[in-house]
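Please walk through this model from its helices to its loops, keeping the sequence and the coordinates side by side.

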Amino acid sequence: MPSSPWTRLSRRVEAMHQLWEHSVRDLTIGQINHVERAGVLPIAFTLLHYVKGEDRTSSTYLHNEPTLWETGKWPERIGGNLPDIRRGTSIEVAERALIENAAQWMNYQRAVFAQTEAAMRVLPDSSYDSIKHDSVPEHLQGSFVSNISDPDGPILLGDLIEGFVFQHGIRHLGELDHSRALLGLQGVT
């Protein structure tokens, strides 16, 4: 008997999270914040952009709650220059991302991943195709989610999670591997 769409997607997301954990756990704070040269973003950018994005997606669409970033006071615990890096953020802002406390970052990352995984394990199959937006909102125009959805909408929950958690996570995991190579570290994927 085929497994549910949430079970299949959850397995992929959990495997991706394991790769993220493996890719980050051996990094020093100097490596996280290293800037190769102007225009090449530090690993801090990748972490802030992806993990905070997953937090936002999971909190909004799976929990209907404020983000862990906000409720857990993570900016104060992590410290540094922690801009809200979303699609369209300038390179000048993104390349100045700075994380001060790597251990606290890892705690935040683990909390975000655990929140997403826990929600996905209990979602009813029927919610996979539930409509979250009747049409493609302006802020999603040109995103992967808009490309895999019907051009006239609607945007479905399963597409949002596949796009903003799994596909986006895999994309930035490759970026993280490349950044590790620039530092002389072995890749993970």
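Helices here are DSSP runs of type H or I with at least four residues, and they are numbered from the N terminus. With that convention, N64 is found in the loop between α3 and α4, the latter covering 68-71. The model is a predicted one, and every value that follows is computed from it.

Most residues other than glycine have a negative phi. N64, although it is not a glycine, has a positive phi of about 55°. Its relative accessibility is 72%, and because the cut-off for exposed is over 50%, N64 counts as exposed. A second residue of this kind is K73, which is not glycine either and has a positive phi near 55°. K73 lies in the loop between α4 and α5, the helix of residues 74-78, and with a relative accessibility of 54% K73 counts as exposed.

The C-alpha atoms of E76 and A94 are separated by 19 Å, and the two residues are 18 apart along the chain. Also in this part of the sequence, R77 lies over the face of W74, at 3.5 Å from the ring centre. W74 in turn belongs to a cluster in which ring pairs link it with W69, W105 and Y108.

At the start of α7, a side-chain oxygen of N101 comes to within 3.1 Å of the backbone nitrogen of A103.

A search of the whole structure for aromatic pairs finds 7. One of these is formed by W20 and Y50, which are stacked, with 4.9 Å from centre to centre and 25° between the planes. Which parts of the chain does this pair tie together? W20 lies in helix α1, residues 5-24, and Y50 in helix α3, residues 43-63, so the pair ties together parts that are 30 residues apart in sequence. W20 counts as buried, its relative accessibility being 0%, and Y50 is likewise buried, with a relative accessible area of 0%.

About 750 Å³ lies in the largest pocket. The pocket is lined by 27 residues, of which H49, R86, R87, F164 and H168 are the closest to its centre. Two or more lining residues are given by each of α3, α6 (91-94) and α9 (157-182).

Helix α9 also contains H172, which has a relative accessible area of 2% and is therefore buried. The side chains of H172 and E175 are joined by a polar contact of 2.9 Å. Elsewhere, R12 lies over the face of F166, at 5.7 Å from the ring centre.

The last stop is E36, found in the loop between α2 (29-33) and α3. Its relative accessibility of 34% places E36 in the partly exposed class. The side chain of E36 makes a polar contact of 3.2 Å with the side chain of H34. Along the chain E36 and S179 are 143 residues apart, yet their C-alpha atoms are separated by 9.0 Å.

Notes
Residues numbered from 1 in each chain as written. Predicted model: local features only at pLDDT ≥ 70, side-chain atom pairs only at ≥ 80, totals over all residues. Heavy atoms only, no water. Polar contact = N/O pair within 3.5 Å; in protein donor to acceptor, adjacent residues only side chain to side chain. Phe/Tyr/Trp six-rings, centres within 6.5 Å; stacked < 30°, edge-to-face > 60°. Buried < 20%, exposed > 50% of the residue type's maximum accessible area, 1.4 Å probe, protein only. Lys NZ or Arg CZ within 6 Å of the ring centre and 35° of its normal. 1 Å grid on protein atoms, 1.4 Å probe; cavity = no way out; pocket = protein on both sides within 12 Å on 5 of 7 lines; lining within 4 Å. Points joined across faces, edges and corners; volume = space filled by probe spheres on them.
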